[in-house]
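Dear colleague,

I am passing on the structure below, together with a short account of what was found in it. Please read the notes with the sequence and the structure open beside them.

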Amino acid sequence: GTAAGTWGVKAVGTDGFALVADSTAAGGVKWALAGSASFSYVASYTVAGADVATIAFTGLDLGTDEEYIYRIRFDNAYNGVPTIYLYYNTDTAAINYSAVRFTAINATLSVTPYADATLFRPTALKTGNFVMSVFTDPLGHPRARIDGLGTDYGQTTIFITDLVHYWTGTAPVTRMDFTCNGAAGNCMKIGTKFDLWKRKAA
């Protein structure tokens, strides 16, 4: 069928796929992996023109969207160690956040707890690629997990990081700000890029 009030023939789909409604597909239906999550592009932000201290994503609805996936290409403009904070709904009170970071720099491993909104801390003039998932836990608190791999410009140091970030608030998340700490100034260099998708369970 075509789900459009007329009869039609739909070729058999791939094993394990199910026929689902999709208003953008020909005939209003399509084959999709049964039980799979649905990914949708939300927005991108690329630093251009001048380095910046904050990148904000607004108009979000984590409660409805269920999970956000960020792909981050970070280029550090600061000749030092900046801290990138993740704030929800403009809440910048450190006491409302906590995080734990696991880091491997070449052969050195470390675990560091934070009593604030720390998301990641690239070293001087580093570039890195990160993937971050944000979802709401059973108690209604947003949690983020970010994983990344980076190198210095000379490709002599490799660092791997895995961090879990927690907010005590339970208000629906409608805004997320990624902010350099004050001393680092505009630490997000031209070319830094954040891509955002949302993912819902099928």
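Does Asp195 count as buried or exposed, and what is its relative accessibility? Asp195 counts as buried because its relative accessibility is 6%, where buried means under 20% relative accessible area, exposed over 50% and partly exposed in between, with a 1.4 Å probe and protein chains only.

Before going further, please note that this is a predicted model, in which local features need pLDDT of at least 70 and side-chain atom pairs count only at pLDDT 80 or more, while totals for chains, interfaces and linings use all residues. Residues are numbered from 1 along each chain as its sequence is written, and side-chain values use heavy atoms, with hydrogens and water left out.

Asp195 is found in strand β14, strands (E, at least two residues) and helices (H or I, at least four) being DSSP runs numbered from the N terminus. Its side chain makes a polar contact with the side chain of Ser44 at 2.5 Å; such a contact is a pair of N or O atoms within 3.5 Å, and within protein one must be able to donate a hydrogen and the other to accept it, with residues adjacent in sequence counting only if both atoms are side-chain atoms. Not counting residues up to four places away in sequence, Asp195 touches Ala43, Ser44, Ile69, Tyr70 and Arg71, contact meaning heavy atoms within 4.5 Å.

Thr192 lies in the loop between β13 (176-180) and β14, and Thr192 counts as buried, at 0% relative accessibility. A polar atom of the Thr192 side chain lies 2.9 Å from the backbone oxygen of Lys189. Leaving aside neighbours within four places in sequence, the residues in contact with Thr192 include Tyr45, Ile55 and Phe74.

The structure also holds 13 aromatic pairs, counted where rings of Phe, Tyr and Trp (its six-membered ring) have centres within 6.5 Å, with planes under 30 degrees apart taken as stacked, over 60 as edge-to-face and the rest as tilted. The rings of Phe57 and Phe194 have centres 6.4 Å apart and planes at 45 degrees, so this pair is tilted. Phe57 belongs to strand β4 (residues 54-57) and Phe194 to strand β14 (residues 193-200), 137 residues apart, and both are buried.

Finally, a search of the whole structure finds 1 disulfide, a pair of cysteine sulfur atoms within 2.5 Å. The disulfide joins Cys180 to Cys187, with 2.1 Å from S to S, and both cysteines are buried.
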